[in-house]
Each structure stands twice: as C-alpha cells, then as structure tokens.
Amino acid sequence: MFSRLLVSIAYFLQDSPYYRHTKQFFYNLLENPDSRLKANFDIVMIALVMFSVFLLIYEVDTPLTALDMQFEQTLILIFTLEYLLRGWLYNDCHKIILAHYEKTRYLNIPFSLITVLGKIFAQKWAYMSSPLALIDLLAILPSYRPLRMLRLFLIFRLFKLFRYFNSLKLFTEVLASKRFELYTLAIFLSFVVFIGSTAIYLFEKPTNSSQVAHLFDAVYFTIVTVSTVGYGDITPHTTGGRIVAMVLILSGLGVFSFLTSIMVSAFNDKMQDMRENQTYTELKRCRDYVIICGFGRVGEHLAARLKAERQHFVIIDINADNVSKAKRLGYLVIQADASKNAVLLQAGLNQGANSVVCTTGNDVVNVYITLSSRHLNPDIRIVSRANNPDTIKKLYQAGASDVIQPFAIAGLVAAEYIGQPVAFEAIFGILKQEKQYMIDTLTVTGPSFIEAKTLAELDFIGRKLVLLGIVSDNPAHNQHKNRYPVSHQHFYFNPPAHFVLHSGDVLVLLGRDVSIGHLRQQIARSRFNNSRKS
Amino acid sequence: MKHIAVFGFSLMSLELMQRLQQAEHSLVFISQDCAETALMTAQGFTCQTLDFRNDDQLQAIGIGEHIDTLFCFFPTDSDNVFLTISARALAKDLTIISIVDDPESAEKLLAAGANKIIDPYEICGRKLHEMLTRPDISNILDHTVFGQHDLNLVQVPIPPGSYLENTDLSGLDLNAQYNVILIGVVDTDQGEELHFALDDTSRRLTAGDILVVLGVTADIEAFKAGLSVAG
C-alpha cells in the first residue's frame with residue numbers, strides 16, 4: 001500500500017513541470033556555476049557568514065540583545081534551509097524509485113521498499129559525508145540549544161566560505177593534486193616528531209621535570225622546534241636533549257623547505273589550467289563570438305578591428321610567442337592545436353561561436369581546420385585564408401563559406417591605386433570606416449512605409465543618402481537593367497526612379513551614420529505602428 | 001598609358017600585373033634572379049634581369065625618364081627601402097608604391113620617399129573583418145567594384161571649358177543622365193580631401209576639380225565625353 005503511494009508520487013513528480021521548474025530554479029540558485037543567480041546568492045551568503053562570525057566574536061564579552069538573537073535565529077534558519085536544499089538537489093529520489101519500480105515490473109519480482117529506501121539513503125549519505133556538507137552541518141549544529149557546548153564549532157561557518165569563493169576551491173584542488181607528496185611528508189614528519197619527542201622525554205624527564213613533566217610537553221617542544229618557531233618556554237638542559245634539539249631544527253628546516261617547494265610547484269602546474277579555465281568561463285558568457293585560428297599578422301589585424309568594435313573573439317594558436325603576444329594585448333587565448341576537434345569544441349564551436357576564421361600562413365593547416373570545423377558544425381560560418389591560389393578550390397571543398405587571398409587582395413588594391421588614387425582613398429576610407437561616411441545595407445521589411453513605394457517617392461537625396469543599388473532575388477525586378485549576379489541574387493546598380501521596392505529587397509546606401517540610422521529607425525517605427533493597426 | 005616597373009616576385013606582383021595587363025599599361029617586371037624573370041616571362045610579361053642596387057642599371061631601364069610608377073614588392077623591407085631611396089634620388093616625380101612586411105618599416109619607407117605603403121596583412125585583416133561583420137556589403141563590392149563586372153569607381157577631372165564649370169553640385173543629375181553615381185568631389189585647389197556629394201550641395205564646380213563616380217565603364221566613358229562639351 002505504502003509502496004504504491006510512493007510510486008504514484010514518484011510518477012507525479014516525474015510529470016510535474018512545476019516540480020521540475022522549482023528544482024531547476026534552486027539548481028540555478030545554489031549549484032549552477034554559469035548562472036547569475038548563483039553569483040548573487042554567493043555574495044549574500046558570504047556577507048551573512050562574515051556577519052555571523054563577527055557576531056560570534058562580539059558575543060565573547062558582550063551579552064547579545066534580542067535583535068541579535070533574532071538575527072542569529074534567522075541565520076540558522078537560512079543555513080539549515082540551504083543545507084536541506086542542497087541535499088534535495090544532490091540527486092532525484094523519484095528517479096531511483098521509478099527505476100526500481102520499472103525493473104521489478106519488468107522482471108516480475110515484488111517491489112522491495114527496503115531496497116529503494118536503502119538506495120536513497122546511500123545517495124543522501126554520500127552527500128552528507130562530502131566535506132563541504134559536513135562543514136555546513138557543523139556550522140548549523142552548535143546553535144541548537146542541547147548542543148550549546150559545541151559553540152566553538154561555529155567557527156566552521158568560516159569554512160563555509162569555501163563554497164562561495166572559487167579561488168578557495170582552487171586552493172584545495174591544488175593541495176589535493178599533491179596528495180601523494182603531502183602524505184609522504186606527513187608520514188616523515190610524524191616519524192620525526194615521534195622519535196624526537198620520545199628522545200626528549202627520555203633525556204629531559206629525569207633532570208628537568210619542571211619543564212618536561214609529561215610526554216605531551218615533549219611532543220609540544222618537538223613540534224615547536226621542528227617548525228622552527230622555537231618559543232623557548234621549554235629548553236633542553238641535558239647534552240642529549242640539546243643534540244636532539246639540534247637534529248630536530250635541521251630536519252625541520254628540510255621538511256618545511258620541501259613543503260614550500262611542493263606547494264609552489266603545485267601552483268605553477270595549476271597556473272596554466274587556471275588561466276585556460278578562466279578563458280573558457282569568460283567564453284561561456286559570450287554569444288556570437290569569432291574563433292580566430294592563428295594569431296599571425298593577419299590574425300592580429302583582425303583581432304584589433306574586432307576589439308575596436310567590441311566584438312567578442314577567442315584566439316587559438318599553438319605558438320607560444322604568438323600566445324604571449326595576444327595575452328599582452330588582453331585577448332582571450334587558448335594555446336593549443338586548432339586542428340584538434342577537442343580544442344575547437346572547447347573553444348565553443350557548437351555553443352557560442354558564430355564563425356571560425358583560419359588565418360594561419362600554412363594552407364595545409366587551414367584546409368584541415370576548415371574541414372574539422374565544418375565536420376563538427378555544419379552551419380557555422382567559416383572564412384579561410386588561402387596563400388596559394390591552388391588552395392582556394394580545396395578550401396571550398398573542405399567547407400569554407402568564404403576564402404580570402406591576402407596577396408591577391410593586396411595586388412588588387414595596388415592595381416586600383418594606379419588608375420585612380422583619389423577614388424581609391426575615398427572608397428577605402430569609407431570601407432575602413434575612418435571617415436564619417438559608411439556604406440551600409442537596409443532590408444525592406446513589410447509592413448513598413450517604404451514597402452511598395454517607388455524610389456522617387458522615397459527621396460533619398462532629401463534624406464542625405466546615396467542609393468548605390470539594390471540587392472534582391474525578387475523576379476519582379478528582372479525588367480530593370482544594370483543587373484549583376486551576386487551569389488544567388490541580383491545587384492541592381494543605380495536603379496531608376498520608378499523602381500518599386502518589395503519586401504525582402506536590400507538597399508545599399510552610402511551616407512553618414514546618422515542619416516542611415518535615422519532611416520532605419522523610421523522603418524522600425526512604421527513597422528511597429530502598422531503591426532499595431534493590423 | 002602609364003609606364004610601370006614592378007620589382008620583386010611574389011603572388012602579389014603576379015596578381016597586380018595580371019590586373020594591369022587588362023588596363024593596358026606598359027609594364028616591366030624586374031628582378032635580379034633569372035629564375036624569377038623566366039617565370040614571369042612564361043606568364044607573358046616583359047621582364048628584365050638587373051641588380052636594383054646599381055643606380056646606372058636603374059637609369060638604364062628608364063627610372064628618371066619615362067617610368068612614372070614604381071612598385072617595390074621585395075619580401076624584405078630593407079630591400080624596398082633601398083630601392084625607394086635610390087629611385088627617389090633619380091626621379092623626383094616618380095610615384096613609388098611599396099609593400100611593407102613589418103609595420104615599423106612603414107615610416108622608414110615614407111621617409112625614404114614612397115608615396116603609398118601597402119600592408120598586405122593589414123588589408124587582409126581588414127577584409128576578413130569586413131567579411132565577418134558586414135558580409136553583404138563585402139560581397140557586393142567584391143562582385144562589382146573589385147570583381148568581374150565592369151562596374152568601377154573612377155575619378156574624372158573636369159576639363160577646362162566644360163559645361164559643368166560654375167554649376168552647383170545640386171544641379172547635377174548624373175544618375176538619370178549618364179547612369180553614374182556621384183560619390184564626391186576633390187577640389188584640387190584646396191588639397192586632396194574628398195568632399196562627399198551629399199554634404200555641400202551648394203559647392204561650385206571649377207575646372208580641374210575631380211569627380212569621383214561609380215558606374216559602368218561604357219557609361220563613364222560617355223560621361224567623360226559629355227564633360228568636354230563646352231557649356
């Protein structure tokens with residue numbers, strides 16, 4: 001009977017969107033490292049923990065007021081709730097029940113409540129025995145009246161900060177990575193302490209019992225000496241004791257320098273990972289960024305331009321010099337081989353990135369990266385550099401959306417310069433966006449006031465705009481001359497005054513950014529008004 | 001008809017010469033390496049083998065005389081600087097265009113007397129950026145102005161006695177009349193700056209002003225012919 005109720009509750013939870021949303025919300029609040037909610041929650045919790053510890057210190061010689069007590073009670077409530085919520089989030093109990101239920105149905109064996117509860121308990125126990133959960137528990141427990149004596153453990157609240165600071169977590173990770181070395185050292189140290197304290201006790205106890213009364217005094221002396229602290233409250237008086245002290249000091253120096261070197265090397269090893277992790281975390285926050293493979297001269301220019309436009313991008317390069325250069329400039333860099341699938345995926349090829357640019361000076365590498373990226377993401381935009389004209393076709397075959405030839409373009413530019421230096425400077429000034437003028441496109445979207453109008457009615461000159469042409473694949477325009485095919489569409493150069501605009505046409509305009517911006521705004525507004533009317 | 005000398009072999013010089021061949025200029029490719037000149041000769045270009053470090057040889061090919069444009073396309077900046085200095089000393093009015101490998105060398109080349117510096121990496125970076133941020137415009141320009149179609153950006157000087165002399169910019173209707181789009185005007189009396197056609201429509205045109213227009217080659221030719229008709 002009870003087990004049937006349990007199963008039906010489990011099914012209910014499985015299907016309930018409300019339950020799912022609630023759990024997702026608390027997951028975002030407490031655990032999800034990418035959510036903003038958690039970041040804010042962490043800050044609040046840090047403040048609360050600090051405050052409660054201050055209260056604890058304050059309480060030592062001042063009695064608490066009723067307000068303070070209330071605050072303490074609220075705090076305990078919050079901490080308890082947090083502890084329970086984390087326990088709830090740790091796993092899905094209804095899934096365990098359902099899995100077991102379905103298994104028993106399939107195998108046609110009786111549903112055993114004990115097994116299920118045992119499994120659930122095992123999972124929850126795994127949560128409760130994790131170090132962070134233990135700290136949480138210890139931070140709450142002493143406040144309950146029967147456990148008043150454990151007040152000292154309130155200091156464990158400070159350890160709760162581990163949860164909220166990533167850098168503290170990292171510190172424990174670093175220590176954990178050197179577990180073996182630290183164990184070895186600890187064993188050696190306890191060996192030294194054991195021998196040292198026994199020897200001191202044996203030498204000093206008979207003649208110097210005022211200072212070394214118990215074995216504990218000997219252990220205390222040994223540790224103070226080994227750690228090179230040396231308070232001097234206990235001093236060996238016998239020759240034997242002094243020799244032991246000397247040996248302890250020397251071995252202490254060795255142990256602690258060894259410890260320092262372990263820590264330093266652990267942090268050094270971790271530093272690289274930390275930086276890369278930071279890059280990845282920053283990338284996760286971005287949307288629509290560009291992956292630049294290769295940070296040579298071309299990549300550098302591209303990055304500078306993207307940065308100027310506040311576009312996000314990440315650089316992948318295997319060359320250490322290039323990487324350090326990019327780092328100096330403050331860019332996000334991954335030092336890795338961009339032709340590896342894992343590297344591209346980590347850089348967010350399937351998540352936030354919207355385009356890949358291969359700018360290495362090696363055509364073979366460019367083809368390979370293009371092929372890998374296309375294989376991993378069929379929709380992404382890939383622009384690749386071809387140094388040799390023969391590579392162009394191969395790059396398109398590999399899946400590049402566009403191919404660029406640096407030297408051919410430079411040659412072309414030089415050739416343009418010969419005939420018309422002034423015109424050349426003008427058009428490149430516009431393209432470089434150095435002048436206030438720009439060439440921009442505007443799409444005719446219906447319903448708006450420019451749809452189905454002739455160009456004469458729109459009066460571009462009056463709007464301080466030069467209409468260079470119209471890009472469209474609308475067959476209605478086929479009658480017009482000056483038609484140039486531009487990848488599946490047509491570019492109508494200098495369209496006549498009776499040219500009628502259709503939805504989907506793209507206007508290519510030259511003008512000041514303010515004029516273009518104004519027209520764009522007018523179109524948006526008229527669209528909004530029209531859609532409200534209809 | 002311009003006399004152009006191209007120094008140094010690279011993909012860029014090949015591309016340049018192929019482009020200019022169509023425009024019917026007198027081209028000569030110069031290198032000190034026989035293998036390179038042989039390669040260019042095979043492509044059908046006029047070539048000469050000589051040492052650019054020797055002023056007499058430079059003079060012998062016509063620098064300081066009939067050559068009016070010089071391209072320095074050596075892969076190393078120091079070679080380009082040396083050639084620029086030598087050529088500038090021989091010919092004051094020569095137009096010298098040089099590529100630059102290291103951006104730091106740009107100033108040195110300008111100091112040596114080059115008129116125009118081309119940084120192929122910078123151009124490529126810019127082009128990539130344009131492809132990424134404004135693919136449609138990049139595409140249109142590639143296909144038309146820089147591409148296969150005969151749509152061109154051309155500068156047309158106003159000849160003395162033209163009917164356009166002393167007219168206002170606003171009075172022009174080149175779009176309908178000649179099927180060309182006026183981008184701007186350079187008033188050569190006031191320097192090299194380009195005034196956009198939209199900004200000062202009341203600007204009065206004088207002989208010697210340069211109109212920058214976009215249009216089909218045939219239309220532009222017709223426009224040029226129309227200009228010289230006295231008003």
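User: Which residue stands opposite B:Leu151 in β10(B)?

Analyst: B:Val216 stands opposite B:Leu151. The model is predicted, with local features requiring pLDDT of at least 70 and side-chain atom pairs pLDDT 80 or more, while totals for chains, interfaces and linings use all residues. Residues are numbered from 1 along each chain as its sequence is written, and chains are lettered from A and ligands numbered from 1 in the order in which they are written.

User: What makes β7(B) and strand β10 of chain B a pair?

Analyst: Seven bridges join β7(B) to β10(B), residues 210–216, and the two run antiparallel. Strands are DSSP runs of E with at least two residues, helices are runs of H or I with at least four, and both are numbered from the N terminus. Pairing needs at least two bridges found by DSSP, so seven bridges qualify.

User: Why are β7 and β9 of chain B called edge strands?

Analyst: The open sheet has the order β7-β10-β8-β9 in chain B, with antiparallel pairing. Its edge strands, β7 (151–157) and β9 (194–196), each pair on one side only. From one strand to the next the twist averages 30 degrees.

User: What lies across β7, β8 and β10 of chain B, and at what angle to β10(B)?

Analyst: Helix α9 of chain B, residues 217–227, lies across these strands and runs at about 140 degrees to β10(B). Such angles run from 0 to 180 degrees between N-to-C directions, with axes fitted as lines to C-alpha atoms, for helices over the stretch in contact.

User: How do you know that strand β1 of chain A is mostly covered?

Analyst: Five of the five residues in β1(A), 289–293, are buried. A residue is buried if 20 or more other C-beta atoms lie within 10 Å of its own, exposed if 12 or fewer, and partly exposed in between, with C-beta atoms placed from the backbone. Both faces are covered: A:Tyr289, A:Ile291 and A:Cys293 lie on one side, A:Val290 and A:Ile292 on the other.

User: Which strands are joined to β1(A) by bridges?

Analyst: Five bridges join β1(A) to β4(A), residues 353–358, in parallel, and A:Ile291 stands opposite A:Val356 there. Four bridges join β1(A) to β2(A), residues 313–317, also in parallel; in β2(A), A:Phe313 is the bridge partner of A:Val290.

User: What makes the largest nonpolar core a core, and how many residues has it?

Analyst: A nonpolar core is a set of buried Ala, Val, Leu, Ile, Met, Phe, Trp, Tyr and Cys residues joined through C-beta atoms within 7 Å. The largest has 90 residues, and those with the most contacts inside it include A:Ile292, A:Val357 and B:Phe71. Its largest share, nine residues, comes from helix α18 of chain A, residues 406–419. A second, separate core of 50 residues includes B:Leu153 and B:Phe223.

User: How many residues of chain B are in contact with chain A?

Analyst: 57 residues of chain B are in contact with 52 residues of chain A. Contact means that the C-beta atoms of two residues, placed from the backbone, lie within 7 Å. Helix α6 of chain B, residues 120–133, supplies the largest share of the chain B side, 14 residues.

User: What is the secondary structure of residues 39–58 of chain A?

Analyst: The span is 100% helix and 0% strand, with its end C-alpha atoms 29 Å apart. An unreviewed UniProt entry annotates residues 39–58 of chain A, among other spans, as "transmembrane region". UniProt positions follow the numbering used here, feature names are shortened, and annotations may be inferred rather than shown by experiment.
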